[in-house]
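Good morning, and thank you for coming.

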Amino acid sequence: MTSASTAEKNARAIVSLAHARKSFGEHEVLRDISLSVAPGEVVAIIGPSGGGKSTLLRCLTLLERLDGGDLSYEDVPVARGGAYGDKSVLAAARSRFGLVFQNFNLFPHFSVLRNVMDAPVVVQGRDRAEAEAEARALLAKMGLAGSEDKVPCQLSGGQQQRASIARALALHPDIVYFDEPTSALDPELTAEVLRVIKQLAAENMTLVIVTHEMAFAREVADRVIFMDGGVIVEEGPAEQVIDHPREARTRAFLE
């Protein structure tokens, strides 16, 4: 890739992270991490437990603050050298992404419909009738038509995860992050959720997925990032990283 095309890609990146560092006490969890994600790209992040994958996602979604490095969402400079912008900057950044947690994080006493439409109305100030119509359409797309008035405990784990995906999409995010979206599910329910994510990828949505499902990562991701010890050890096209890894640490993990 030429330097001009690299600069162009960075200019178009939905999210950019440069030289990111994060420690918890004496333990350095992220060490000089740089990455960017282009519109329509699907990126899978793989690696052993404790390698920094979930911390990276928590920093990208502002659930944790970087100790150093730069973070931006297109034209929104979130952090520079670990110093964060004000509340308006953080609010602007949060409007750009959706997050799907591994444990669903639905409001237990809200109906499924209210779980999906609440943030568009309360946070984004959208018209209630419009938000409800869109929430119903998203739930139908997720295979949950007829479940709108149930509460989360009345759904299977796979249904709860599909409801949480609908909730993330209801905010019209530029990018959706998935933090091990199937780790709490059995194999049959895992397949349900992976089908939905594949559908979103086919619709050219921008996705970043922390996953331990290697076959899924190979099939869906444009790019795979292998993390270990708080650094990006290897990244590249999914087929190359998973089938023909260049680094010994990647090969050892995949074996």
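**The sheet and a buried helix**

Five strands make up an open sheet, in the order β2-β1-β4-β5-β6, with antiparallel pairing. Its edge strands are β2 (27-37) and β6 (83-84), each of which pairs on one side only. Two strands count as paired if DSSP finds at least two bridges between them. Helices (H or I, at least four residues) and strands (E, at least two) are DSSP runs, numbered from the N terminus.

This is a predicted model, in which local features need pLDDT of at least 70 and side-chain atom pairs count only at pLDDT 80 or more, while totals for chains, interfaces and linings use all residues. Residues are numbered from 1 along each chain as its sequence is written, and side-chain values use heavy atoms, with hydrogens and water left out.

I turn now to helix α6. This helix covers residues 157-169, 13 residues in total, and reaches 19 Å from its first C-alpha to its last. That is close to the expected 18 Å, which is 1.5 Å times one less than the number of residues.

How many residues of α6 are buried? The count is 12 of the 13, so the helix is largely enclosed by the rest of the structure. Buried means under 20% relative accessible area, exposed over 50%, and partly exposed in between (1.4 Å probe, protein chains only). Among the buried residues are Q160, R162, I165 and L169.
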